[in-house]
Amino acid sequence: MANRKKKTINLQNHPESLKAFSWCLERNIRIYPIPSANQFKIVIDNGASKIVSPKLYDKDEWSDKVWELYRHFYNGNKLSV
């Protein structure tokens, strides 16, 4: 039996992702990768503090995780603003 490909949304061009990115930048929330050996750690920087992920991501995962985190902050906070 052949493996089925998982259908994914391209978060980089998804309209809600771009809105979340803009919302976070307006509030000084930046999320970016830093290299660690052959993998990457994700940094969440809000201007006052930086949180570095304990998990390592490979070159195919880190971008999706960054967009996922931007959407997480946007969706978690847009109702309280």
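Predicted model: local features only at pLDDT ≥ 70, side-chain atom pairs only at ≥ 80, totals over all residues.

Me: How is a pair of aromatic rings described?

Reply: A pair of aromatic rings is described by the distance of the centres and the angle of the planes. Rings of Phe, Tyr and Trp (its six-membered ring) pair if their centres lie within 6.5 Å, and planes under 30 degrees apart count as stacked, over 60 as edge-to-face and the rest as tilted. The count by this rule is five aromatic pairs. One of them is Trp23 with Tyr74, an edge-to-face pair at 5.8 Å centre to centre with 75 degrees between the planes. This pair links distant parts of the chain, 51 residues apart, since Trp23 is in helix H1 (residues 15–26) and Tyr74 in helix H2 (residues 62–77); helices here are DSSP runs (H or I, at least four residues), as are strands (E, at least two), numbered from the N terminus.

Me: Is Trp23 buried or exposed?

Reply: Buried means under 20% relative accessible area, exposed over 50%, and partly exposed in between (1.4 Å probe, protein chains only). Trp23 counts as buried because its relative accessibility is 11%, and Tyr74 counts as buried at 10%.

Me: What kind of aromatic pair do Phe40 and Trp62 form?

Reply: Phe40 and Trp62 form a tilted pair, 5.7 Å centre to centre and 45 degrees between the planes. Phe40 lies in strand S2 (residues 39–45) and Trp62 in helix H2, so the pair ties together parts 22 residues apart in sequence. Phe40 counts as partly exposed at 21% relative accessibility, as does Trp62 at 25%.

Me: How should I read the packing of two helices?

Reply: Two packed helices are described by the angle between their axes and the distance between the axes. H1 and H2 pack at an angle of about 75 degrees, with their axes 8 Å apart, where axes are lines fitted to C-alpha atoms, for helices over the stretch in contact, and angles run from 0 to 180 degrees between N-to-C directions. H1 and H2 are therefore roughly perpendicular to each other (under 35 degrees counts as roughly parallel, over 145 as roughly antiparallel, 65 to 115 as roughly perpendicular and the rest as oblique).

Conventions
Residues numbered from 1 in each chain as written. Heavy atoms only, no water.
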